[in-house]
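Subject: A structure for you to look at

Hello,

I am passing on a structure that I hope you will enjoy exploring. Please open it first, and then read my notes alongside it.

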Amino acid sequence: MKKKMLLNKINFILTVSAILVLGLQTGYSASSKDTETDKIKKVWTAFVKKLSAKDIEGALKYVVEERKEDYRQAFSLIKDKLPKEMSKKEEIRINEIDGNMATGENIVTEDGGVYSYPVVFIKERGTWKIKSF
């Protein structure tokens, strides 16, 4: 049963693989002029960049504490596939920010179609983190 759940997580992650190409960034660094949307997008961009480089631990810095182990296990199983999966043409859209929670969608172009996958961010100790995607 655990193996099946883990395989389901892997399939989910492969399906909703993420990249946001809004320029090359070395990591998340918000300025005081950034809007909340800008800050969230920078978190996503840094997360995707780390995964593209197979830096799982670096990517997990942008994930909420309660989900880190789940994503660590799933990403570890597909580590060699991460650069290819993260190279798909994508766009992150933030639809709503309500206090310490933000929802958005990852718009992915693949296999001749355009798909939208939900993304949830939570502000954890004052910093935006990815809860789910």
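This is a predicted model: local features need pLDDT of at least 70, side-chain atom pairs count only at pLDDT 80 or more; totals for chains, interfaces and linings use all residues.

**Aromatic rings**

A pair of aromatic rings is described by the distance of the centres and the angle of the planes. There are 8 aromatic pairs here. In one of them, the ring centres of Tyr71 and Phe75 are 5.6 Å apart and the planes meet at 20 degrees; planes under 30 degrees apart count as stacked, so this pair is stacked. Are they buried or exposed? Tyr71 is buried, and Phe75 is buried as well.

Tyr71 also pairs with Phe133: the centres are 5.2 Å apart and the planes are at 15 degrees, so this pair is stacked too. Here the partners come from separate parts of the chain, with Tyr71 in helix H4 and Phe133 in the segment after strand E4 (127-132), so the contact ties together parts that are 62 residues apart in sequence. Tyr71 and Phe133 are both buried.

If you follow the ring pairs onward, you will find a cluster made of Trp44, Phe47, Tyr71, Phe75, Phe121 and Phe133.

Side chains of opposite charge can pair when their charged atoms come close. The count for this model is 15 salt bridges. Glu36 is partly exposed, at 26% relative accessible area, and Lys123 is partly exposed at 24%.

Arg72 and Glu69 form another salt bridge, with 2.7 Å from N to O. These two lie 3 residues apart in helix H4, about one helical turn. Arg72 is partly exposed at 24% relative accessibility, and Glu69 is partly exposed at 39%. Elsewhere, salt bridges with shared partners join Glu36, Lys39 and Lys123 into one network.

Finally, have a look at Glu65 and Lys68, whose closest N and O atoms are 3.0 Å apart in a salt bridge. Glu65 is partly exposed, with 44% relative accessibility, while Lys68 is buried at 15%.

Definitions and conventions: Residues are numbered from 1 along each chain as its sequence is written. Side-chain values use heavy atoms; hydrogens and water are left out. Rings of Phe, Tyr and Trp (its six-membered ring) pair if their centres lie within 6.5 Å; planes under 30 degrees apart count as stacked, over 60 as edge-to-face and the rest as tilted. Buried means under 20% relative accessible area, exposed over 50%, partly exposed in between (1.4 Å probe, protein chains only). Helices (H or I, at least four residues) and strands (E, at least two) are DSSP runs, numbered from the N terminus. A salt bridge is a side-chain nitrogen of Lys or Arg within 4 Å of a carboxyl oxygen of Asp or Glu.
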